[in-house]
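This report describes the side-chain contacts of one protein chain. Please view the sequence and the structure before reading on.

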Amino acid sequence: MMNFLFGPSADLEIHLDGSDDRQKGDVLLDSGKKEACPVYFDGEAVSGKVNIRLKQSKMEHYGIRVELLGLIEQFSDRSSQHEFLSMARELARPGILTQSCCLEFEFVSVEKPYESYFGVNVKLRYFIRVTVTKRLNDLVKEQDFLVHTLAQYPDTLGGIKMEVGIEDCLHIEFEYNKSKYHLKDAIIGKIYFLLVRIKVRHMEVQILRRELVGVGPNSMSDCETVAKFEIMDGAPVKGETIPIRLFLSGYELTPTMRDVNKRFSVRYFLNLVLIDEEDRRYFKQQEVTLFRRRPNRHRRIAQEQQHQSQSADTAQPVHQQPDRSYFHHRSAHFGAKSPAAASGRSAANADGANTANNNNDNEAAVSPGNSDDSSSQSGESNDQ
């Protein structure tokens, strides 16, 4: 009897048009489970049907409403949800339903400015919400969908080339073919050993994802290693060349996001890590830009528009000069070429030996402050 009075008097089901034929992606639900949802792009219409199945002979309501919403939610403060997109339609006026029904809805040319994102401290989600207003308890049903943002960069962008090392101990030169990669791209590069006076045991390339939420003193930062790729095992010699070929399609990556609605940012770094026989770790980070390339049909149209708009003074590729900088060993810097360099190196090596037992495999969890310092001292900016 209580279920008859206070239980749901109807079941709601939302079906998006064409969802069976669309590309699918995983949405992380509040329960921790993943659900496959259709993918939409900016400007596409979102339409579908709402099925209402009555559990009783009739149901009185005070209106049926459908909304398309975009929310940014910070996990540390779930009460502060920011709604950056809100559209609504009235499906039915107040009345009485005497049988199950199907109601159609459509949102035309919906501007979806940001990519869906489900991170460690924040998430950005798009969803359809249907509300049946009743006297006691409203009936509410939500259906998520994903949004992918597309970008395109010219193929003439220069790569990354740097010389790094430890004074009088190690001097290497590494280069990557590009500074901007699409999510199905491959990172191709080479490592040149110009001077080797330490016993290197292992070398790997890591992909780091740094998530920054909030601004000012209340901001939160989290750094995670999303990929590890071993490029060398054993001691190299002077003149050795180590190739790098890392395919990005095998990892769960998102495009680089900067200052999304002034709420959060997501940046990616390539972290080159060397480990010597005493388990001391030397690393160098370089920021790269990841983007989602247009599908073939979108890319062809964009290329045609680009060719039509090109002018005679098209910018030529800029050949980037090698940037000379130095490795970080733990929190210490190596590299200031000065008369005190030799004594500084000896002290740093001694410090590394004392802390060798405290090293672990997750060296990528470097404090953001140190990592940002390394990027700034390298004098490089790949965001331009």
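C102 counts as partly exposed, at 41% relative accessibility; here buried means under 20% relative accessible area, exposed over 50%, and partly exposed in between, with a 1.4 Å probe and protein chains only. The structure is a predicted model, in which local features need pLDDT of at least 70, side-chain atom pairs count only at pLDDT 80 or more, and totals for chains, interfaces and linings use all residues. Residues are numbered from 1 along each chain as its sequence is written, and side-chain values use heavy atoms, with hydrogens and water left out.

## Cysteines

A disulfide is a covalent bond between the sulfur atoms of two cysteines. The criterion used here is a pair of cysteine sulfur atoms within 2.5 Å, and the structure holds 0 disulfides. For C102, the closest cysteine sulfur belongs to C101, and at 7.6 Å it is too far for a bond.

## Salt bridges

A salt bridge is defined as a side-chain nitrogen of Lys or Arg within 4 Å of a carboxyl oxygen of Asp or Glu. By this rule the model has 18 salt bridges. The table presents some of them.

| Salt bridge | N to O distance |
|---|---|
| R125 and E142 | 3.3 Å |
| E173 and K161 | 3.9 Å |
| E287 and R258 | 3.6 Å |

The strands named below are DSSP runs (E, at least two residues), as helices are runs of H or I with at least four residues, and both are numbered from the N terminus.

The side chains of R125 and E142 meet in a salt bridge. This pair links distant parts of the chain, with R125 in strand β11 and E142 in strand β12, 17 residues apart. R125 is buried, at a relative accessible area of 13%, whereas E142 is partly exposed, at 32%. Both residues also belong to a network of salt bridges that links R125, R129, E142 and D144.

The salt bridge between E173 and K161 likewise links distant parts of the chain: E173 is in strand β14 (residues 170-176) and K161 is in strand β13 (residues 160-166), 12 residues apart. E173 is buried, with a relative accessible area of 13%, while K161 is partly exposed at 29%.

E287 and R258 also meet in a salt bridge. E287 lies in strand β22 (residues 281-291) and R258 in strand β20 (residues 257-260), so the pair ties together parts that are 29 residues apart in sequence.

## Aromatic rings

A pair of aromatic rings is described by the distance of the centres and the angle of the planes. Rings of Phe, Tyr and Trp (its six-membered ring) pair if their centres lie within 6.5 Å; planes under 30 degrees apart count as stacked, over 60 as edge-to-face and the rest as tilted. The count by this rule is 7 aromatic pairs. One of them is the edge-to-face pair of F84 and Y126, at 5.5 Å centre to centre with 85 degrees between the planes. F84 lies in strand β7 (residues 77-92) and Y126 in strand β11 (residues 122-132), so this pair ties together parts that are 42 residues apart in sequence. F84 is buried at 18% relative accessible area, and Y126 is buried at 0%.

Y126 also pairs with F145 in a tilted arrangement, at 5.9 Å centre to centre and 35 degrees between the planes. F145 lies in strand β12 (residues 139-148), 19 residues from Y126, and both residues are buried. Ring pairs link Y40, F84, Y114, Y126 and F145 into a cluster.

A charge sits over a ring if NZ of Lys or CZ of Arg is within 6 Å of the ring centre and within 35 degrees of the ring normal. R22 lies over the face of Y40, at 3.9 Å from the ring centre, and R210 lies over the face of F269, at 4.3 Å.

## Nonpolar core

In soluble globular proteins, nonpolar side chains tend to be buried together. A nonpolar core is a set of buried Ala, Val, Leu, Ile, Met, Phe, Trp, Tyr and Cys residues joined through side-chain atoms within 4.5 Å. The largest such core has 72 residues, of which I52, I128, Y176, I191, F264 and L272 touch the most other members. Domain 1 (10-147) and domain 2 (160-291) both give residues to this core, so it lies between them; the domain bounds come from an automatic or database domain assignment.
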